[in-house]
Amino acid sequence: MKAATFMAPGKMVVKDYAKPEIQKPTDAIIKIVRACVCGSDLWWYRGVSQREAGSTTGHEAIGIVDAVGTDVKDVQVGDFVIAPFTHGCGHCAACLAGFDGDCLNQEAGGNGGYQGEYLRFTNANWALVKIPGQPADYSDEMLNNLLTLADVMATGYHAAASAEVKKDDTVIVLGDGAVGLCGVIAAKLLGAKRIIAMSRHADRHADRQALAKEFGATDIIAERGDEAVAKVIALTGAGADAVLECVGTEQSIDTAVKVGRPGAVVGRVGVPQKPEMNTNNLFWKNIGLRGGIASVTSDDRKILLDAVLKGDIHPGKVFTQRFTLDQVQAAYEAMDHRQAIKSLLVVSD
């Protein structure tokens, strides 16, 4: 089988591998239909973080169950499924509390290989999310919507849920990538009345602002740093009720705290790019900080899959360029150069 492989910063190739096999009774083998590139993949692609050369890549996919281990009863061969990156077991303390992204029974190194023709998926009995019917039953647009439920839409929702967004809130979303845009969708889904999207380089990336507006943003702020903070205060008077931090940089975290009103909550899903953070400003404004790894399986089952199938949300619009698996290098380059909001990989029918 073919699978995308990281060779060195800036270099992706497609290599041939043996088809994965069941290794544990809780495994499943998934034939991948569609996968994609995540913003977090760019960290090691750019050399910012480390990844082992020669390792397979990807952590978002939808596909067909090809084989199951003896302990897998809730999905069967032939089922169409979302393959979340979280691999929750469903029965540990974290999963039972609704935080399957922090599952205590995850297998080390479980993410990688989603950008390939077949994937060995661990904790398959609970973590996989069944989609009614088969891929052929859905439009191209709907397949893209379903693919976002493996990570990016669930992560955007996790930011909004962590920030405790509620009806009629004023919400600020930091980040104009796919996660931030899905955060806009999530804020609207949860009833926010005003959604302010902070999107940099407005002159060069009008497509991102347009999509944010389509998804429900009422205002766009293109400034950064203190200038952005001043504009938020001018718009809101005291700051936002909830802030979705979808970037992970030191500046983004600093801005998130400054644009929240006293007593606001920051929902943080941008993977931290620095280990240190000054939390003193949280104290002086009674601002809460929550968030982390998304609860993909839990939130897909609770709200997101139904919202997609009913046509209430259309997160698949974040895929602005499509590629075949053999074009994986170009898929990464398109996101690295901000030519694509999110790159789609069409692997099979």
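Student: In strand 2, which residue is the bridge partner of alanine 3?

Tutor: Bridges tell you which residues face each other across two strands. Here, alanine 3 has lysine 15 of strand 2 as its bridge partner. Keep in mind that this is a predicted model.

Student: How many bridges join strand 1 to strand 2, and in which sense do they run?

Tutor: Strand 1, residues 2-8, is joined to strand 2 by six bridges. The two strands run antiparallel.

Student: How many bridges join strand 10 to strand 11?

Tutor: Three bridges join them, and the two strands run parallel. Look at methionine 198: it stands opposite isoleucine 221 in strand 11.

Student: What about strand 12: is it mostly covered or mostly exposed?

Tutor: To judge a strand, go through its residues one by one. Strand 12 spans residues 240-245, and five of its six residues are buried. So it is mostly covered, given that buried means under 20% relative accessible area.

Student: Over how many bridges does strand 12 pair with strand 9 and with strand 13?

Tutor: Strand 9 (residues 170-174) pairs with strand 12 in the parallel sense over four bridges. Leucine 174 has glutamate 245 of strand 12 as its bridge partner. With strand 13 (residues 260-268), strand 12 pairs over five bridges, again in the parallel sense. There, the bridge partner of valine 243 is valine 266.

Student: Which residues of helix 9 are buried?

Tutor: Helix 9 covers residues 250-259. Its buried residues are Ser252, Ile253, Thr255, Ala256, Val257 and Val259. Next, ask what covers them. The cover includes strand 9, strand 10 (194-198), helix 8 (225-236), strand 12, strand 13 and helix 10 (280-284).

Student: Which residues have the most contacts inside the largest nonpolar core?

Tutor: Start with the general idea. In soluble globular proteins, nonpolar side chains tend to be buried together. In this model, the largest nonpolar core has 55 residues, and Leu146, Met153, Leu244 and Val318 have the most contacts inside it. Helix 6, residues 178-189, gives the largest share, seven residues. Another core, of 33 residues, lies apart from it, with Ala35, Val75, Phe121 and Leu128 among its members.

Student: What is leucine 146 in contact with?

Tutor: Skip its neighbours within four places in sequence. Then leucine 146 is in contact with Ile62, Phe80, Ile82, Ile131, Tyr138, Leu305, Val308 and Leu309.

Student: At what angle do helix 4 and helix 11 pack?

Tutor: Compare their directions. Helix 4 (residues 140-148) and helix 11 pack at about 170°, with axes 10 Å apart. Angles over 145 degrees count as roughly antiparallel, so helix 4 is roughly antiparallel to helix 11. Met142, Asn145 and Leu146 of helix 4 meet Leu305, Val308 and Leu309 of helix 11. By class, this contact has five nonpolar residues, one polar and no charged ones.

Student: Is threonine 297 buried or exposed?

Tutor: Check the accessible area. Threonine 297 has a relative accessible area of 0%, so it is buried. Its place is in helix 11, residues 296-309. Beyond its neighbours within four places in sequence, threonine 297 is in contact with Pro84, Thr86, Asp100, Trp126, Ala127 and Val129.

Student: What is the phi of glutamate 164 and of aspartate 168?

Tutor: Glutamate 164 has a phi near 60°, a positive value in a residue other than glycine. Aspartate 168 has a positive phi too, near 70°. Glutamate 164 lies in the loop between helix 5 (152-162) and strand 9, and aspartate 168 lies in the loop between helix 5 and strand 9 as well. With a relative accessible area of 45%, glutamate 164 is partly exposed. Aspartate 168, at 45%, also counts as partly exposed.

Technical notes
Residues numbered from 1 in each chain as written. Predicted model: local features only at pLDDT ≥ 70, side-chain atom pairs only at ≥ 80, totals over all residues. Heavy atoms only, no water. Core = buried A, V, L, I, M, F, W, Y, C linked by side-chain atoms within 4.5 Å. Buried < 20%, exposed > 50% of the residue type's maximum accessible area, 1.4 Å probe, protein only. Contact = heavy atoms within 4.5 Å. Pairing = 2+ DSSP bridges. Axes fitted to C-alpha atoms, helices over the stretch in contact; angles between N-to-C directions. Parallel < 35°, antiparallel > 145°, perpendicular 65-115°, else oblique. Nonpolar A, V, L, I, M, F, W, Y, C, P; charged D, E, K, R; others polar.
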